[in-house]
Every structure is written in structure tokens, then in C-alpha cells.
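This report goes through selected parts of a protein model. The sequence and the structure come next.

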Amino acid sequence: MAKKIIVNITPEETRMAVFENEEFIEVSIERTRSGHNVGNIYKGKTKNVLPGMQAAFIDIGREKNAFLYIGDALPQVAAQAIADSALTVGKDVMIQIVKDAIGTKGPRATTHLTLPGRYVVLMPTVDYIATSRRIVSEEERVRLKQIVEKVRPEGMGVIVRTMSEGKSEEDLQKDIEYLYNLWKALVARGKRATAPILLYRDVDLVIRIVRDYLSDDVEEFILDHQEAYGRVCDLLKYASPELVSRVRLYQGKEDIFTHYGLDEELNKLGQRSVWLKCGGYIVIDKTEALTVIDVNTGKFVGSTNLSDTVFQTNLEAASEIVRQIRLRDIGGIIIVDFIDMDKEEQKQAVVAALEEKFKRDRTKTNVLGFTGLGLVEITRKKARQNVEGVLYSECPCCEGRGRVQSPETVVINIWRKMRHVMSQSRRQGCIVIQVHPLVAEIIKSQGELPRMEQELACSLRIESLAEMHPEMFSLLHEGE
């Protein structure tokens, strides 16, 4: 599978796009002002402990306190720990952010600290070795585990990353030694520093791409920034010199994302409906708790029979659903309502298609299959604010509902308010009703104005204001 990575760097933000076999499959955006918080290590101060929730809130010196589940901090004696004052208000604690602040929720933290390198992840607080599930060769897994067992610091854990496949003992040892020295420096600084303070900031997006994405299956890594290009090449000369030739500096006058047609693709990420090549389409709706995806045949009528038409639509939808989940970085619980299929083998084929496509996803995902109601349930780890959350904010008109009151509803609300006002005191002169143009059009088309003037025994005038909120209206009294 051929991969291509394109990176656009401006003073305001860094954008990364990943292609798999010429298909746009993943995007990441990091704003310069807000930065990247996941992976950062803080020395924080405990602000509040909630025994009933087995949780604590930790001041890390940012706008929102970090949420720490005490079961993570003290797994053996979570509930008793609070009673024993193991974690009390005012106590300092070293934590790492595992999930960015999303919406009204602050960042999620853990005391199980990890330091990622190119080939391994060092875990100073635990004592075991784990191997990436993407390394499929059992022989290679055993070889790597034996190397790590020999070179890891005593009492510390290590996760062997996919990048380590085929690497020598020297490569892994250099990575582990670097991370161990970094850990010792963090601990020393933590002892001297006064909480709350940032002890370790994860590297910026460009370096994370090199660390986490740049492997042998990447054919091209294209950047449009001279300084970043130099940093990447210098890093690769030290870590993976065989990959330096795959890094290319884009020097075109046109924006690199525009050149590769990515601006148009990014604009589509805010759309609710996504059309399939066959003529069917999927609809993506989000709630606080989960994401629901509905599959429809749309304009696809097939060429054989209904069963095959439905099956082919579902198969294509499965592929596009995985792509959209990765592109939009949708996490949490995902429910997919495929078009009903009668044959059990067709259902299994659709689930298998989802599982096969998700194998390329770096984020941990589980396809749980069809539920008793005929829906497919998927869970996907959520660690950061997704791309839609970065690119879009809540609509000031609908306030996130996705809809506003119909003009007819607003008209009825106006008459209801008018009756209440006139029942309180009969006013002489003319009452001006300021409304949105759509509402004004409904009032005029219904011919209700003369009837309401007669009912309320007053003169009414409609004033159309384009800048008016569609649900709002104003009543102004013009005295005689």
C-alpha cells in the first residue's frame, strides 16, 4: 500500500494530509495558538477530590483543570486511597494529558506516564513489555521482545512500536537510552519546580509526523516550508537515513493544499451527507453520546435484483464510512444503520469489509458487529478534538441544534405575544413588528395583518430586517 504525506505550514497553523493509494484518508490540523496538549506532562496541584466519583480535578495552569480518574492513579486501592488521604486537596501530582479538552469538558489525565520515541514507547511507572499488534510476524515479535528485555531500564515498561520492525539492537537501545535520559531530566525538574507547571511538551506536528507516520510504506513526504524541510532531513539522517530521499520540498507558487485539491476536500468535512460513487449516500449525525451514520440507496437502482443492489450499496458505504471516520477523526460510540439485508453471509461480508478497512487506522477501533436491532456498533478511541471541532464553531442561529424555528412558528409566537401585551394595556397608535424577511413574507402571504388589527384593535406595521435572527422579533410602539 503506497502512502503519501503532504504538509502545509503557515505561521497560523500546520496541516497534514495522508493519502493511501491516491485516496485522501486522514487529515490533522494544529493551530499555533492552541497547540497540541495530548502527551504533555505537568506537575499539577490537586484542586478538588470527589470520592463519590473516584475522581480528582488537577490544576495544570491552563483555563480548565484536568480530570483524573483515581482508579488510573491508584489502581489497587482506588476507593480506599481517598479515605487514606493518598490524594488530597493541595497535593502535587505528576500527570500526563491523554485526551484534549473537548467542548465544556476539561482535558483527561493519567499518572501512567509514557514517553514516545521512534521505535519504542518508554513507560516509567509500569514494568512490562508490549508489542504493536501491527507486527504480524510472531518470530519478529519474539526477537524484538528479547532485545528490549535486555536493554530496557530495570523496573520500567516498554511498548515496541511498529516502526521497530526489522531494526537492530543498536537502534532500539539508542531510542531507549534517549527516552530514559529524558525521563531522568523530567524527574529532576519536577522536584525543583512549583506546581502547576508544564514539565514536558510533546513535539510539534511536523516532528510527530516523522516519529509516528514516516515508515517504509511512505513513498513521498512533501512539505512547503524550507526550515521544516531542513529539520525533517536532519532528524532522518540520524534516525532513518534510508528515508531522506523520500522527503521533498514543494516550491510551487500555489498553496500546496490547493495544488492537490485538498481545500475542496476539507470543505466537504462539514457536510452532513456524503455521496457514494454508485449513487447511494450516507448521512452522518452527531450527538453528545454517539455518532449515527445512515446508509441510503439514493439514485442507485442496480442492474440485477434488489438484494444485490442493497448489498453493493452497503459494501461501498462500508468503505466510505471508514474513510469518513478517519478523515473527521470521529471517536466514541458509532452506530451504523446499513440498508436491511436478508442474507446472513451478506451481513458478515459488510462487517468483514469494515474490519479490513479499519486495519489501516492508527487509532484503536473495534467493530462489534450487528446488534439485535440490525445496527452495526463501532467503538473508536477519542483522544483529541476532531477536525470538525477545529474548523467549525457552533452556529449562532441554531446554537448547535442544526435547525431553527420555522417562519410559521415565529408568526404564531408573535401573535401570542401581541395578545399578551394588548391584554395588559390597550395602546394607542401603531405597533411596529420587526422580523426576519422570511417571517415578514409569511405574514404578508397569509393576509393575517388585517384580521389581527381588528382582533387587537390597533394598527400594525411589519418591518423586515435582514440582520434579524430568524427566531427573534421586536415589538415597538409608535404613539400618535
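Which residues of α6 are buried?

## Helix α6

The model is predicted. In helix α6, the buried residues are A228, V232, C233 and L236. Viewed down the helix axis, these buried residues fall within an arc of 135°, so they line one face of α6. The face turned away from that buried side carries exposed residues, namely Q226, D234, K237 and Y238. The cover over the buried residues of α6 includes β1 (3-9), α5 (205-212), β14 (218-223) and β15 (247-249).

Helix α6 covers residues 226-239, and its length can be checked against expectation. At 1.5 Å a residue, its 14 residues should span 20 Å; the end C-alpha atoms are 20 Å apart, which agrees.

## The open sheet

Elsewhere in the model, six strands make up an open sheet with mixed pairing, in the order β16-β17-β18-β19-β21-β20. Its edge strands, β16 (273-275) and β20 (365-370), each pair on one side only. From one strand to the next, the twist averages 20°.

In soluble globular proteins, nonpolar side chains tend to be buried together. The largest nonpolar core in this model has 27 residues, and I282, I321, V336 and F338 are those with the most contacts inside it. Two or more residues come from each of β17, β18, α9, β19, α10 and β21. Helix α9 gives the largest share of this core, seven residues.

What surrounds I282, leaving aside its neighbours within four places in sequence? Its contacts include R272, S273, V274 and L276. Among the others are I293, D294 and V295, together with A317, E320, I321 and Q324.

Notes
Residues numbered from 1 in each chain as written. Predicted model: local features only at pLDDT ≥ 70, side-chain atom pairs only at ≥ 80, totals over all residues. Heavy atoms only, no water. Pairing = 2+ DSSP bridges. Helix = DSSP H or I, 4+ residues; strand = E, 2+ residues; numbered from the N terminus. Axes fitted to C-alpha atoms, helices over the stretch in contact; angles between N-to-C directions. Core = buried A, V, L, I, M, F, W, Y, C linked by side-chain atoms within 4.5 Å. Buried < 20%, exposed > 50% of the residue type's maximum accessible area, 1.4 Å probe, protein only. Contact = heavy atoms within 4.5 Å. Expected span 1.5 Å × (residues − 1). Arc of directions from axis to C-beta.
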